[in-house]
Amino acid sequence: QPSDVKLYLNQYTPYDQTYYIDADSIVFGNFDNYNKFYVECQGYGSKGVDFPEMLWASMEDLHEHFELEDSVKIPAINSSFMYFEKKDFKVFELAQDIYENNKYDMRKAPQKWGRNMNQPDELYLNIALAKLDYKLKKETLVHYPLKGSGAKHIKQLKEEGKSILSFAGDGMNILPRGKEIYDRLM
């Protein structure tokens, strides 16, 4: 399970401050201005509200399965790029505990992660962040050249504040133009 790695990043880093970047990413700009926990947040969802950014479950199902109060808002994150410090290890420790002791049934998930009902690390990080009441900004430094996102040049991405090009999902969802830009940068 890929979650067996990403949820345990706190145990793998020897540093007080850590930047984590997925291996399929290319850095083309500056991103070192963070001084507090950062992970890309696509928004927050609450019980009773349709929240398509949450790929792994309905808000109702998440609140029920993880025994969350109705008022708890759950972030939808993408963990391709993260910044964290030792003081943030509690996020990983809680996510690990939830993952080890209260796994979600991925057969119910509207979106599958991988081909074998893999457990997405983001699901457990989302719940840990919600339980710890972390406030995340809705911003991203990462551009994913997915179908529907439009093919963009690096200059345009920099103007939009992007610093990283990364793939998300399988190859079927990646724009051919995105692959060309990626290949040229490599």
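Lys and Arg count as positive here and Asp and Glu as negative, while His and the chain ends are not counted. The place of a charge is NZ of Lys, CZ of Arg, CG of Asp or CD of Glu. On that basis, the 24 positive and 29 negative charges of the protein chain have mean positions 5 Å apart.

What you're looking at is a predicted model, where local features need pLDDT of at least 70 and side-chain atom pairs need 80 or more, though totals for chains, interfaces and linings use all residues. Residues are numbered from 1 along each chain as its sequence is written, and side-chain values use heavy atoms, leaving out hydrogens and water.

**The whole chain**

- The protein chain has seven helices and six strands (DSSP runs numbered from the N terminus: H or I of at least four residues for helices, E of at least two for strands).
- Starting at the N terminus, the elements go α-α-β-β-β-α-β-α-α-β-α-β-α.
- The radius of gyration, taken over C-alpha atoms, is compared with a globule rule of 2.2 Å times the number of residues to the power 0.38. For 186 residues a compact globule would come out near 16 Å, and the chain's 17 Å agrees with that.
- Of the 186 residues, 49% are buried (under 20% relative accessible area; exposed means over 50% and partly exposed is in between, with a 1.4 Å probe and protein chains only).
- Take the contacts (heavy atoms within 4.5 Å) with a separation of 6 or more: 73% of them join residues 24 or more positions apart.

- N118 sits in the loop between α4 (89–101) and α5 (121–131), and N118 counts as buried because its relative accessibility is 15%.
- Setting aside neighbours within four places in sequence, N118 touches Q1, P2, M106 and W113.
- Just after α5, D133 has a positive phi of about 60 degrees.

- In α7 (residues 176–185), the buried residues are G178, I181 and Y182. They share one side of the helix because they cover an arc of only 100 degrees around the axis (the arc of the directions from the helix axis to the C-beta atoms).
- Their cover includes β2 (25–27), α6 (154–159) and β6 (164–166).
- Turned away from that buried side is the face with the exposed residues P176, D183 and R184.
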